[in-house]
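Colleague: Could you take a close look at one part of this model for me, and walk me through the packing around it? I would like one connected account, with the residues named as you go.

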Amino acid sequence: MNAGQRLSVVAGGDAQRSASDEALWKAALSGDDRAFGELVARHQVLVMKLVRRYGRTPEDARDLAQQVFLRAVDGWSRTFLRFRRQEIPFRAWLIRVAVNLGKNHARQLARWALEPLGPEVEPAAPGPLPVEALEAAERSRMARAMALKLPRRQREVLTLRIDAGLSFEEIGVTLGITTNNAKVHYHHAVKKLAAQVAKER
Amino acid sequence: MAGCEEMEAKILDRAAGALPEAESAAVQAHLDGCPRCRAWAASCAEAVQLAALPQPSEAELRLFAQLPARARVVFRERANRSVWGRPLTVGLLGAAVVAAVMVVAAPRLRGRRGPSPLAAALVAQPEPTELETWALSDPLEDQEEQAVEDGSVEQDDGTDLDLDSESME
């Protein structure tokens, strides 16, 4: 009996809540849906923050988040067993899958050029918005569009930082780069964005 | 460079909310006395603020609260499908291979040269999808980026603003 099956047999609510991500992950791989549910509950806020930028609507983002969890579990066996890569912590793997699926989702729908980016903003009150609010919303939309057009690594570091609030150390682990390198990419991204925002003013 | 060079990294860290507490007083003191750095720090902070997503709405929070239950149902359905669907999948795959072989072999048996375009399409090996490549097999690796050593990324003076460039992809 492997570790995943053992967890599946003995796990009650408390046992699952105290199990490590990796133990739950292996249990989910052996088909334990309670372990999978616990993983989702544990990381749903993080994944939600990561995929919001790529979803056209909240429903779209929720479905994307669901796909992220399913793919993360599936992908583990493909990537780490078939290709014999070095295993990484589940959380870092989950973030990688979320960013990649989000990016792919946005590209498939050719959304970057055609549609406003990120979740639709609900107006606070009925009726027309003041001109200032409309201008601010438009500038924000443009800045988000610019962020997604940054070079790949800069875009990834920037969104991991401002969407999910990850530390540079965690961003480095997630992307397989050093903490300092993550920071350098972030600096470049912000400099470009600031210059571009100023130009559009 | 829009401000004092020695302050650039600290101002950018400050815009990220990543400036160590111990350094914030010194940076603030510099900003108080340097209008150029102050203006640049404000524009960096504004850019980050503009690029950030708005807070999730009530409707979004409600939708996302459904996620664990929904995902678990889909997971269970997939697990059941994979148990019962495996023999069927193998059978279908076998039938597809036999059909492809027959399509390829038939013209040869009739003395024709090479398979028809339709047959060629049928026997073409499926390419891995971008999704597979990105999300599963090669997550976020970037060969060019791997060559970048710490701090050796070429200095960006803000003049290279071709945001359409995907040269780092």
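Modeller: Happy to. Let's start at Arg161(A), which sits over the face of Phe168(A), 5.2 Å from the ring centre. Please keep in mind that the model is predicted.

Trp25(A) belongs to helix α3 (residues 21-29) of chain A and Phe90(A) to helix α6 of chain A, so the pair links distant parts of the chain, 65 residues apart. Trp25(A) and Phe90(A) are each buried.

The other brings us back to our ring: Phe168(A) and Tyr186(A) also make an edge-to-face pair, at 5.3 Å centre to centre and 70° between the planes. Because Phe168(A) is in helix α10 of chain A and Tyr186(A) is in helix α11 (residues 179-200) of chain A, the pair ties together parts 18 residues apart in sequence. Phe168(A) and Tyr186(A) are both buried.

Now to the helices. Arg161(A) is one of the residues of α9(A) that meet α11(A); the others are Arg153(A), Gln154(A), Val157(A), Leu158(A) and Ile162(A). On the α11(A) side, the contact takes in Ala182(A), His185(A), Tyr186(A), His188(A), Ala189(A), Val190(A), Lys192(A) and Leu193(A). By class, these residues divide into 8 nonpolar, 3 polar and 3 charged. As for the geometry, the axes of α9(A) and α11(A) come within 8 Å and cross at roughly 95°, which means that α9(A) is roughly perpendicular to α11(A).

Gln154(A) deserves a word of its own. This residue of helix α9 (residues 152-162) of chain A counts as buried because its relative accessibility is 4%, under the 20% cut-off.

The contact of α6(A) with α10(A) has 4 nonpolar, 1 polar and 3 charged residues.

Finally, Tyr186(A) takes us across to the other chain. α11(A) packs with helix α1 (residues 8-15) of chain B at an angle of about 85°, the axes being 10 Å apart; α11(A) and α1(B) are therefore roughly perpendicular to each other. From α11(A), the contact uses Lys183(A), Tyr186(A), His187(A), Val190(A) and Lys191(A), and from α1(B), Glu8(B), Ala9(B), Leu12(B), Asp13(B) and Ala15(B). Sorted by class, the contact of α11(A) with α1(B) has 5 nonpolar, 1 polar and 4 charged residues.

For chain B itself, the secondary structure amounts to 8 helices and 0 strands. Of its 169 residues, 30% count as buried. Among contacts in chain B with a separation of 6 or more, residues 24 or more positions apart account for 47%.

Definitions and conventions. Residues numbered from 1 in each chain as written. Chains lettered and ligands numbered in written order. Predicted model: local features only at pLDDT ≥ 70, side-chain atom pairs only at ≥ 80, totals over all residues. Heavy atoms only, no water. Nonpolar A, V, L, I, M, F, W, Y, C, P; charged D, E, K, R; others polar. Helix = DSSP H or I, 4+ residues; strand = E, 2+ residues; numbered from the N terminus. Buried < 20%, exposed > 50% of the residue type's maximum accessible area, 1.4 Å probe, protein only. Phe/Tyr/Trp six-rings, centres within 6.5 Å; stacked < 30°, edge-to-face > 60°. Lys NZ or Arg CZ within 6 Å of the ring centre and 35° of its normal. Contact = heavy atoms within 4.5 Å. Axes fitted to C-alpha atoms, helices over the stretch in contact; angles between N-to-C directions. Parallel < 35°, antiparallel > 145°, perpendicular 65-115°, else oblique.
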